[in-house]
Amino acid sequence: MDAIFLQILNGLDKGAAYALIALGLTLVFGTLGIVNFAHGALFMMGAFCAVTFNKLLMLSTKVEDKSVTLFKAYKEQPYLEIWFPDAGPILLDYAVPLSILMAIPVMILIGYVMERGLIKHFYKRPHAEQILVTFGLAIVLQEVIKAVFGANPIPQTAPDILAGSANVGAWFGMGENVVYPWWRLVYLLFSGLIIFAVFSFLQFTTYGMVVRAGMRDRETVGLLGINIERRFTIVFAMATVVAGLAGVMYTPILPPDYHMGMDFLVLSFVVVVVGGMGSLGGAVLAGFLLGIVQSFASMTEVKAILPGIDQIIIYLVAVIILLVLPRGLMGRAGVMDD
Amino acid sequence: MMSDLVLHLDNIQKNFGGLAALSDVNLHVEEGTTHAIIGPNGAGKSTLLNVCIGRLKPDAGKVTFDGQELTGRAPHEIAQIGVARVFQTPEIFPEMSLLENVMLPAFSKRDGSFAFNAHNMLSKQNEIRDEAEHILEDVGLQEMMMQEAGSLSRGDKRRLELGMCLILRPRLLLLDEPTAGMSRHDTNRTIDLLKKIKSRGMTKVIIEHDMHVVFSLADKVSVLARGAIIAGGKPEEVREDQRVKEAYLGGAH
Amino acid sequence: MTLAKLNDTNRFLIFAAIILLMPIWMIPLGGAYPDLLQKFAIYGIFAIGFNILFGLTGYLSFGHAAFLGVGSYAAVWSFKLFTMNAIPAIIFGVLFAGLLAFIIGFLSLRRTGIYFSILTLAFAQMSYNLAYSVLTPITNGETGLQLSQQDPRIIDSMFVEAGAGLPSTNLFGLKMSGFEGFYFCAVMLILCYYISMRIFRSPFGLMLRGIKSNQNRMMYTGLNTRPYMLTAFVISGMYAGLAGSLLAVTDPLAGAERMQWTASGEVVLMTILGGVGTLAGPMLGAGLIKYFENIFSAFNNQTLTEIFSFLPDAAVEVVVPIVGLFVGSGWHLTLGLLFVVIVIFLPGGIVEGMSRLAGLFRRKDQENMNGTASPQDQPGE
């Protein structure tokens, strides 16, 4: 029982990342009708926002190391610590969550430029061309990141206070060995918050109503005389920010590298298909579900019986679901059947 | 002159999200006749044709043609039974030449279920080519044979689509407003064409708004309103029917 | 310009002549060495096969690299188990790729459009993951599958005593490296081109184009689209398998990286760069990409400094690092940009671009002559 609970927990954080990326993909596909193969790259760009922010905070200068008394020694010390002896170290410690502040405007900008500069011209072109152009863009983005930051993963640390693990088991009256890293718990809550925010936005604002109507029937909404183009930009930017924030917060869990975007993209697409193309709820549900399934497949007991199953389980589940339910878990009949 | 009934629609029901498009439709069509379905906009006429060709699945009821049940079959199976349809917005192959447009259905008819016909060449398919040219002549498009179909006028596209259906030699031809959006001249040409092919003995079901077309072609007329057949019979009878006048003719004219 | 007026036989002869004479006319272009020429031919086969699916049916597969990889593995196993002869190797490569294509196609073709693209991508990624993990006994994981001294080589060992070093691939004694290797690949390519041409000109090809143009219409005329699509998918998978096995014939090793999504993306780019749905376009695209990859990857900062040495020193310091981003290991960046630019400005590829240019000239030259090609000629210029 404990082991099962632990695996569910383990699956949730990866599932949360899938869900957030798939949410943005679905939003963009549903409203704009664009299949965005660069969406994974946006997740990666978010992660590298955290890296950049960290680097900026860590800009250092050489100062004399007073702890060495025998000879004159120097050490690198971040400006931040010199200028703000009290607040500086705290800021550094909280670099990852703080980089959200930078990531939001940066991702909005990226989203805006991408939509206005490129995506806009592809609304009326065939899906194949949309796929190809965003695929090319994804390559460009990831190669630029590779050229700037190198090919190796760059580990990021969570704030000290969240470094350890929470004894989640004790909260629910379970065994001592059900422990879960604090940061993953934070990530889970954070994703929950974002998903909640996106859904509330769509559900309770007039803006969101139009977007939802657009997902159901784009032509009609266009006929109502609503300036759908401007809304497209905002929806796209929103999806970009969601992907970016998912990336920022994921950095302490997975050291970011240039190809993380594509790795996550393929799985997120599978998530979208399993959830039912065009269904936001389906994307979130399938994201968490597949994350958990993958986590179970990674158990050593399971791998002993079916070696390597963790590598392919998501695809297998996807194939089975599509064979049984061609529209995915929550896809509606007649919506985006092609 | 009672002949055999071939097409039966029994108790067809179709709902769209709680809204009944077809509430209870019963229709029986005699072999070799032209049966027109008229009715005001939104009466469910196109839905009815979609049910016949397998594009939509009815919620209840069944369609049978010549003893074979059509409901629940895949569109290509229904087509292979011998049911062809001209759509309201022409469904053609816009990037291809007219000749290719008409040849393709012939290949579908011959090899539809699957034949590995990749080893022989198109240029050797003389029989089908001749047949296609003949059909194009019938529909009056032979001069434009090599032109791209997408460049045709709307009226020509419909005639082309009719040709694509004729080469299938269907036993049942469904026509969804074959003259909608056409000029009077084009309409008359189409009427003449449809009269010409009448002698070929196929059964036709035609949906039409234009009463001129209906009365010059139809042997029988059924009136569909609010998802049900409210009247039927010979054109003259229907024209005099009070209910029909109320439901349709009175409002439209 | 006049290419459109040629009949198929002449086009085929010209194609064959161009390919066979490559070692000569590539000399001034600096690409006349066999390794590169082999790559032209092999990736040409890959792209021509991909075009049978994408060009005719419009179904965009993002998983064709999986078939390339399987072809390579099958060929290397044929070398290891049976014989170093190339013929069984390519037969196995084609067969296994065809089998995999049948399975993946059967499942993916249940959906159309983007669903199909995503499904093929997912299946290819799954094959890639499998090759790295569970199937390590077959694929040798990260190291890649190589020949070894201990291989049984049942058939070969019946005829000759194993030599001291590793044996090399051959075609009944003819070594399959260098120009001999190129000519073997070139003959395969010409054969593949011929088959593809026949498919384009057959009722089968016309029906596939019908599916691309208006799938609904095809169904309502009685065509069961699925077996046709599956056949096209399997044929194009077999082409990829042949290309993969030829990669192994010219260089007997196979690695999982051949199955990665980047390789799938590359063949898509080759096809659209040359011209989707045209006969020779994909070959042209494959050649161009492999040629520039070869040139661009060879650059490093030192060679760049030499190239830009005519500039003032200060300018060199600025220009070299910037250009350096796009060459050498940065070649993928150029590839990505090329992808974006081609899709935006020339979705019809080079062949369409050329015929557009030709059309411009023609209009200027002969205002009054109706020199347009008959529509029947279009899908294969």
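How many residues does helix α2 of chain A have, and how far does the helix reach from its first C-alpha to its last? Keep in mind on this tour that you are looking at a predicted model.

**Stop one: chain A, residues 39–57.** Select this stretch and you have α2, a helix of 19 residues. From first C-alpha to last, α2(A) reaches 28 Å, close to the 27 Å expected at 1.5 Å a residue.

**Stop two: chain C, residues 86–108 and 113–132.** These two selections are helices α5 and α6 of chain C. Two packed helices are described by the angle between their axes and the distance between the axes. Here the axes come within 9 Å and cross at roughly 145°, and the crossing is right-handed. To see what makes the contact, show side chains for C:I104, C:L107 and C:S108 on α5(C), then C:F116, C:L119, C:T120 and C:F123 on α6(C). Colour them by type and you will find five nonpolar residues, two polar and no charged.

**Stop three: where chain C touches chain B.** Bring both chains into view: 27 residues of chain C are in contact with 36 residues of chain B. On the chain C side, select 178–200 (α9), 203–220 (α10) and 225–250 (α11), each of which supplies at least two residues. Which of the helices gives the largest share? That is α10(C), with 13 residues. Colour this side of chain C by type as well, and its residues divide into twelve nonpolar, eleven polar and four charged.

Terms used. Residues numbered from 1 in each chain as written. Chains lettered and ligands numbered in written order. Predicted model: local features only at pLDDT ≥ 70, side-chain atom pairs only at ≥ 80, totals over all residues. Axes fitted to C-alpha atoms, helices over the stretch in contact; angles between N-to-C directions. Helix = DSSP H or I, 4+ residues; strand = E, 2+ residues; numbered from the N terminus. Left-handed = near helix turned anticlockwise from the far one by under 90°. Contact = placed C-beta atoms within 7 Å. Nonpolar A, V, L, I, M, F, W, Y, C, P; charged D, E, K, R; others polar. Expected span 1.5 Å × (residues − 1).
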